[in-house]
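I opened the model today to look up a few helices, sheets and contacts. My entries follow in the order I made them.

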Amino acid sequence: MALKTRFSASLQEQRWLQAARDFAHQALLAREGPGGPEPPPLDAVLRCLRSACGGDLPLGYSFISISDLQRQQCVPCCSHLTWSTNEFKEWAHQGQGVLPLQSALPRTYLILVGYLTDRRQENEDEVVDGCLYVKDNTGIIPCELLHFELEWLESLFLFPGWSYIPQTDQSAAGYVEILVDPVPVNLPKEVPDTILVTYPTSARPLLTSRAQCNKRSKLTVAGELVRLGPLLCIRHKTFFFLFLKCIFSAVWVPVLVQKPKQLAWHHVLQLGHKYTVTGLSMCSLKKSGQRMFVTGVSSCLLPYCAELLREQPPDSAWQDESTPSSSLEAAEQLSDSLEPEVEEETPRSTKESKIISYVGTVTKILNVQAGLFLLDDKVCLCLAYQQLLNFAHGLRPGACVELIDVHLLQKPLVSFPFVVLGACLSSTVVLKSFSRLSTSYQPPASSGNLFLQLLFRYNLGIPLYLWLVSLLETFEERFSCFFGRHRLLLSSTHRNAGAAEKFLVPLLQAVVPGRGEARDIYNEILSEIHHCPLQKYLPLNPPCQAPSLSAVCHMAEQKSWEGFSPSQLLSSSEAQHMGTQELNRKLAWSYCTLSAGSFQSRLILLGVLRVSSRKSSLQLQDKSSTLPCVISHKDGSPFAHTALIGSLLQVENYQLIVERFLQTDFPSWEHLANLEHVREKKTSVYVQFYFEDVQVLHAAEGRIQKGIRSGDSSSMRKKDDGGLTSELETPKAKMLKLEDPKPETHRDENCQEGQSSPRGTSCVSRLFLVTQKEGLMLRNYQLPRKEDAAGQQLQRSFQATVLWLGRARLWSHPREIGNLPELEEMGRDGEEDVTRQEALLLFMGKSLRWFPFLHLDGLYRFVVPCCSDLEVFDKLCSPLVPTKFLSRSSCPLCLPVQDAWHLQHETWISHLPEHQLAARSVLTGMDQRIFSIAEVLSDSFTGSLVSFSGEIVERTLCASPKNEKTSLTVDLQQQKGSLLASDHSVKLSVSAASGSPVVMDIYIAATYLQHLWGLLPGAKILFQNLERKISR
């Protein structure tokens, strides 16, 4: 049995050794020797393994190359070569104590061997970023170490303890956290012998003596590291500053390190330690003339060792030099800084931040792109003012960081819940320990980071930057699912600005006139009097907000009920003479109007314009919800821009309308103060605005018609006039997908991208003029039904009478459609031929989405995608219309509009150019006549169906006439859930103009009001084909 066990163990070791040889041949670099390439250093690696593992080979572990690690490992993991199971469990348990809800890193049994380097490639022209890497023959991967020595560069190491952290989105490889010091496979390099040094006390006068500046030979300076600046990359040049203080005094000198091979020093340097830097020369900044020492190609960083240095006595003239202000006041504990201050300050007074040091644990990544991290669940660390050139390696939840000389800002933004610690260019951030948790890693964008670009472009302070981050986070959350994050956050430094930049830049220009004072980073680093954007701050109450549409509706509803009392709706003299039914009916329906300035912080509306076929209305939409909208033109013309469907719109001048519905049982007016009689309260929110006040942030497929404002908005600088009224018909909501998601579907389905016709396919189109449009109602038209559907139901539909203009045309692609060539043909055919081309269009099902866009005197085009049949319109005569209806000689051909057809608005008759006047003369007079109110009220008027326009003076809820049939309205109410009872009607008192004594009353069944939003006093409305009645 013993022999069998030994044989089995020997066989296992042989297999393991063969795998090790295969790994070495594949992954380990072969070095050049005197007689050619030497074999891979496998024996040295095995010797290190035996030494680390107590003399035995770790047969339970297997070697892994860099490329295999990046390709095969999709989740965070760690490997501890020398640990027992109990040691690992204890280590993992301690890590989970920081964030109990997070799981510990899973253990994997892999051996990592590779060379430490500071260059991603061997290319001399490569821009060195200051990061460290582990490489082998198969690949290279970034790494982060807590302790590093310069002698380790380009040496082969065994890594006994490490963690691999892949990126969250797996779009690129992750990085490696080196948990314990690596074990060198080869012998360490030798340390230089004794050298001559100059201390900062003697070196400092050289920076102020212009006569000696250019004649001084190379210096070697020794001292204590009192400040270490972050790695910076400006104009493709990476560098950092270090500050050495004299060991015998407080005198210090700045040293600029910018040679690519010396950037690795940044990983070695530790505050409070003493170092020697050789080969220094002097240089000065062009603008400020500030002088500093700068490293050369031959410069070296050595540890300070008094025995190896030939010391020179310090110059007594510099003994009394005062401590520079860049070191600022002594570090304070955060708890002391958070104590309430005795002196009271006004909310808008400028505050000065405190400079403290702090050690904390990362508990949450607030926004890595914005450089915001949460420490200890109570403090926000802002690293945006440093560049984070190491891509935030190691800054995962569970990691411990030490912050030195950071700025403490209390409540910089009213709406921000955390105290802020901001790191400027004089601050130092040190990673003290890695996270032991399996938390994700998402690196900040190395280029095109809109957060940081706007921060530096406008030199924002912390309050404005936090407000910018809040706006941008909300913007991305609401609309990235529609257009994709990349297109939304596209920066103008690459090409055309994305939607987010178009939205934010005007807001920043309004609050930071002239882009503010340019940031001088060199002065910020080198000046003895510390000055940076974080030093002083003005607590900010956000000047505007752009919340989600669900939040907008909630805020509007809350605002409409604030201080509401039923007695506000009635005058006491009027209420005293009302009966119970009339009193409660008067209270059943009211409205509240809100503008952008009605809220504590000015509210900007953002949304994707959609259309709903179920509601036949326009709406703004984001990920959270939809908001019905009524759009009109300032000149009174109707809104018909079908090209805007799917575009992201910004509106700052608007009216939010909250329709309030009450169910009450007040016995008399004397009880109006007793709110116990209010049985139920409901609301309906929609918005109305002018087309001219719309700014398009992102156009759908680039098809935006003329007249749409897409430039920078300046309305942040002006007051809201609040004078908006709805004009003409009342459109509602639209969708990128053209058909909005069903109510029971998940909200994320609101973000589905729009359906567009396949590219590169032909299509057929036909131009027509709308001469009459009827209202949306239940009609006796039947759509195809499933066999198991019980009974027949009336279909919600509308119809329009149109004139076909010319014949159907074939296009190779929808983008080629244009110019209106049909009008030239129509002008030659004459009026008689045009009359024979009249058609009745029937809109049902999904085609109801075109109801808000179809208007009288409009020229439109139907586009049939993926079609080449020029007779498609003639073949699709509706089978839904009864035969006796079609047989009438006066009835035009009926055509059901298909769901897949697209409606495209071209222009209006009145807007046709001069060369198409012939067509206009033929079409003029074909439409319906619009009467004046005075004509309709005249005793000599004999018409029964009338069309007219007027301004609403008053609207009143009243009982429906007793002889009115309510079956249809009850059915409609059941289908759509009207908020008003079916036995009510709405009386609109309409006059020709404001202040006119001639008033006409119009009665509309209450259940139709859900399709007639915007019927408010002051609105100008076009009424078509109303039945004229005279009360006796």
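**Strand pairing and a helix**

I began with R955, which stands opposite L988 in β47. I note that the model is a predicted one. I then looked up the strands around this pair: β46 (residues 945-959) and β47 (residues 984-991) run antiparallel and are joined by eight bridges. The open sheet they belong to has four strands, in the order β48-β47-β46-β49, with antiparallel pairing. At its edges I found β48 (999-1005) and β49 (1020-1027), each of which pairs on one side only. On average, neighbouring strands of this sheet are turned by 55° against each other, direction ignored.

**Eight-stranded sheet**

Next I went to an open sheet of eight strands with mixed pairing, ordered β30-β36-β37-β34-β33-β32-β35-β38. I asked myself which strands stand at the edges. They are β30 (589-594) and β38 (694-698); each has a single partner strand, so one side of each is left without a neighbour in the sheet.

L609 has L620 in β33 as its bridge partner.

I then looked for helices on the sheet. α10 lies across β32, β33, β35 (648-651) and β38, and runs at about 35° to β32. Helix α12 (residues 499-511) also packs on the sheet, where it touches β32, β35 and β38; its direction makes about 135° with that of β38.

**Helix α10**

I compared the length of α10 (residues 462-483) with expectation. Its 22 residues should span 32 Å at 1.5 Å a residue, and the end C-alpha atoms are 30 Å apart, which agrees. I did find a kink of about 40° in α10, centred on E477. Is the helix mostly covered or mostly uncovered? I count it as mostly covered, with 16 of its 22 residues buried. Just after α10, G484 takes a positive phi of about 90°.

**E402**

My last entry concerns E402, which I placed in strand β25 (residues 400-409). Its relative accessible area is 23%, so I list E402 as partly exposed, the cut-off for buried being under 20%. Leaving aside neighbours within four places in sequence, I find E402 in contact with Y358, V359, T428, V429, V430 and K432. With K432 there is a polar contact, side chain to side chain, at 3.5 Å. I also looked up T361: E402 and T361 are 41 residues apart in sequence, and their C-alpha atoms are 8.9 Å apart in space.

Key:
Residues are numbered from 1 along each chain as its sequence is written. This is a predicted model: local features need pLDDT of at least 70, side-chain atom pairs count only at pLDDT 80 or more; totals for chains, interfaces and linings use all residues. Side-chain values use heavy atoms; hydrogens and water are left out. Helices (H or I, at least four residues) and strands (E, at least two) are DSSP runs, numbered from the N terminus. The expected span of a helix is 1.5 Å times one less than its number of residues. The bend at a residue is the angle between axes fitted to the seven residues ending there and the seven starting there. Buried means under 20% relative accessible area, exposed over 50%, partly exposed in between (1.4 Å probe, protein chains only). Two strands pair if DSSP finds at least two bridges between them. Axes are lines fitted to C-alpha atoms, for helices over the stretch in contact, and angles run from 0 to 180 degrees between N-to-C directions. Contact means heavy atoms within 4.5 Å. A polar contact is a pair of N or O atoms within 3.5 Å; within protein, one must be able to donate a hydrogen and the other to accept it, and residues adjacent in sequence count only if both atoms are side-chain atoms.
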